[in-house]
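Hi everyone, thanks for making time for this. Please have the viewer open while I talk, and stop me whenever you like.

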Amino acid sequence: MKPSASRQASCACGQLTLEASGEPIRISVCHCQACQRRSGAPFAAQARYCRARVWLDGEYKTFVRVADSGNEVTAHFCPHCGSTLCYWLAVDPDVLAVAIGAFGDSDFPPPNFSMHDDQRYAWIDLPASTQRQN
């Protein structure tokens, strides 16, 4: 049974939706070039949740790529509008990362972790409290 405290996310056309219950394990941004290309933005922002607390509804396709670290990343995207809604890492199969923009919530908490910070665009500022990893 789904707990009542949850967030709703969807792709651009609304066909693929997601419900995530509870608070995220981690909120992060990634500045690697693969995430830049996947998101079409200078960085990707995601909230990680326990996979057991996330429910997908709708048709989706997957794309698997191998990260620089050697980890497999499986992205779930809408076959109609192409929006990536979430992804998971083979190295951490019990966690699902949800694209923060898919929540459509400008009050979403800020990131507390920044990956590949050495590839961050010079004009992007993050909160001083953000933990950084190159």
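Helix H1 gives the largest share of the lining of the largest pocket, with 4 residues. When I say helix or strand, I mean a DSSP run, H or I of at least four residues for helices and E of at least two for strands, numbered from the N terminus. Before I go on: this is a predicted model, where local features need pLDDT of at least 70 and side-chain atom pairs count only at pLDDT 80 or more, while totals for chains, interfaces and linings use all residues. Residues are numbered from 1 along each chain as its sequence is written, and side-chain values use heavy atoms, with hydrogens and water left out.

Back to that pocket. The general idea is that rolling a probe the size of a water molecule over the atoms shows where empty space is left. In our case a pocket is an open set of points on a 1 Å grid over the protein atoms alone, where a 1.4 Å probe fits, with protein on both sides within 12 Å along at least five of seven lines; lining residues have an atom within 4 Å of a point. For volumes, grid points are joined across faces, edges and corners, and we take the space filled by probe spheres set on the points.

The largest pocket holds about 440 Å³ of space. It is lined by 22 residues, and those closest to its centre are Cys30, Ala67, Ser69, Met115 and His116. Besides H1 (33-39), the elements that give two or more residues to this lining are strand S3 (26-30), strand S4 (44-50) and S8. By class, the lining divides into 10 nonpolar, 7 polar and 5 charged residues. Here Ala, Val, Leu, Ile, Met, Phe, Trp, Tyr, Cys and Pro count as nonpolar, Asp, Glu, Lys and Arg as charged, and the others, Gly among them, as polar.

Let's stop at His116. Where does His116 sit? Its place is in the loop between strand S10 (113-115) and strand S11 (131-133). His116 has a phi near 55°, a positive value in a residue other than glycine. His116 counts as partly exposed because its relative accessibility is 24%; buried means under 20% relative accessible area, exposed over 50%, and partly exposed in between, with a 1.4 Å probe and protein chains only.

The second largest pocket has a volume of about 200 Å³. Its lining includes Arg38, Phe43, Thr84 and Ile100, and H1 and S4 are the elements that give two or more residues to it. That lining has 6 nonpolar, 4 polar and 1 charged residues.

Now the sheet. Which order do the strands take? The 8 strands of this open sheet run S6-S7-S8-S9-S4-S3-S10-S11, with mixed pairing; two strands pair if DSSP finds at least two bridges between them. At the edges are strand S6 (61-66) and S11, each pairing on one side only. Inside the order, strand S7 (residues 72-77) and strand S8 (residues 84-89) run antiparallel and are joined by 5 bridges.

Strand S1 (residues 6-10) runs antiparallel to S2, with 5 bridges, and Ala9 has Leu18 as its bridge partner in S2. S1 and S2 form a hairpin with 6 residues between them, and Gly14 in the turn has a positive phi of about 85°. S2 is also joined to strand S5 (residues 54-57) by 4 bridges, again antiparallel, with Trp55 in S5 as the bridge partner of Glu19. Strand S2 (residues 17-21) is mostly covered, with 4 of its 5 residues buried.

Last, the aromatics. Rings of Phe, Tyr and Trp (its six-membered ring) pair if their centres lie within 6.5 Å; planes under 30 degrees apart count as stacked, over 60 as edge-to-face and the rest as tilted. The count comes to 3 aromatic pairs. Phe103 and Phe108 are stacked, because their ring centres are 5.1 Å apart and their planes are at 20°. Phe103 is buried at 9% relative accessibility, and Phe108 is buried with a relative accessible area of 9%. Ring pairs link Tyr49, Phe103 and Phe108 into a cluster.

That's my tour, so over to you for questions.
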